[in-house]
Amino acid sequence: MTLSLRRLRAWLRLLRLVRGLENQLREFLRVDYNTTLPRFDVAAALYRHDGPLKMSDLSKQLLVSNGNATSVVDRLEKEGKAKRVPLKEDKRVVLVELTTEGREWFSEIAKSHEKQVNKIFSGLTDQDLDQLRDLIRIVEITNRITESVNDEKNA
């Protein structure tokens, strides 16, 4: 089997694995907390940030469009879990943050989410996790190098 074909097979296995695990987490959030993975992700980004966050920065952190982030924030806001705050210096800029209720809600879900992720990785030792981290870093570094070469060619 060629190296190219082995890489393709590794990619497909990795993709299948990630999608399957993501579906498990989606189902866990839906069944146990009546929420969605995008709402969890938005709440996590807001929870980690100290103070209000610009909607544009939230979108960048989550790697989603402003429209996608806005619709999730709309839902969290209707539920009283998030609130928008206009920037005093520039009313066109909208900041968003979790409410006290939202922070408590997320904190509870995050603990259970961590337990779910721990179950997923329970078969891995410390050494396995270090090896997995190292392999992911190699792929990330290789990809960054490839991106910069492509950027130079396209310039």
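Reader: Which residue stands opposite Ala82 in strand 3?

Author: Leu98 does. Keep in mind that this is a predicted model.

Reader: OK. What about Lys83, which residue is its bridge partner in strand 3?

Author: Glu97 of strand 3 is the bridge partner of Lys83.

Reader: How many bridges join strand 2 to strand 3?

Author: There are 6. Strand 2 covers residues 82-87. Strands 2 and 3 run antiparallel. They form a hairpin, with 2 residues between them.

Reader: And strand 1, how many bridges join that to strand 3?

Author: Strand 1, residues 53-54, is joined to strand 3 by 2 bridges. This pair is antiparallel too. Here Lys54 stands opposite Leu95 of strand 3.

Reader: New topic, the largest nonpolar core. Which residues touch the most other members?

Author: Val42, Leu46, Leu58, Val96 and Phe106 do. The core has 23 residues.

Reader: Which elements each supply at least two residues of it?

Author: Helices 1, 2, 3, 4 and 5 do, and strand 3 does as well. In residue numbers, helix 2 is 37-48, helix 3 is 55-62, helix 4 is 66-78 and strand 3 is 90-98.

Reader: Which one gives the most?

Author: Helix 2, with 7 residues.

Reader: Back to Phe106. What does it touch, not counting residues up to four places away in sequence?

Author: Phe106 touches Phe40, Ala43, Ala44, Tyr47 and Leu98.

Reader: Now the helices. Where do the axes of helix 1 and helix 5 run, how many Å apart and at what angle?

Author: The axes come within 11 Å and cross at roughly 145°. Helix 1 is residues 3-33, and helix 5 is residues 100-120.

Reader: Left-handed or right-handed crossing?

Author: Right-handed.

Reader: Which residues make the contact?

Author: From helix 1, Leu21, Gln24, Leu25, Phe28, Leu29 and Tyr33. From helix 5, Glu108, Ile109, Ser112, His113, Gln116, Val117 and Ile120.

Reader: How many of those are nonpolar, polar and charged?

Author: By class, this contact has 8 nonpolar, 4 polar and 1 charged residues.

Terms used: Residues numbered from 1 in each chain as written. Predicted model: local features only at pLDDT ≥ 70, side-chain atom pairs only at ≥ 80, totals over all residues. Heavy atoms only, no water. Axes fitted to C-alpha atoms, helices over the stretch in contact; angles between N-to-C directions. Helix = DSSP H or I, 4+ residues; strand = E, 2+ residues; numbered from the N terminus. Left-handed = near helix turned anticlockwise from the far one by under 90°. Contact = heavy atoms within 4.5 Å. Nonpolar A, V, L, I, M, F, W, Y, C, P; charged D, E, K, R; others polar. Core = buried A, V, L, I, M, F, W, Y, C linked by side-chain atoms within 4.5 Å. Buried < 20%, exposed > 50% of the residue type's maximum accessible area, 1.4 Å probe, protein only. Pairing = 2+ DSSP bridges.
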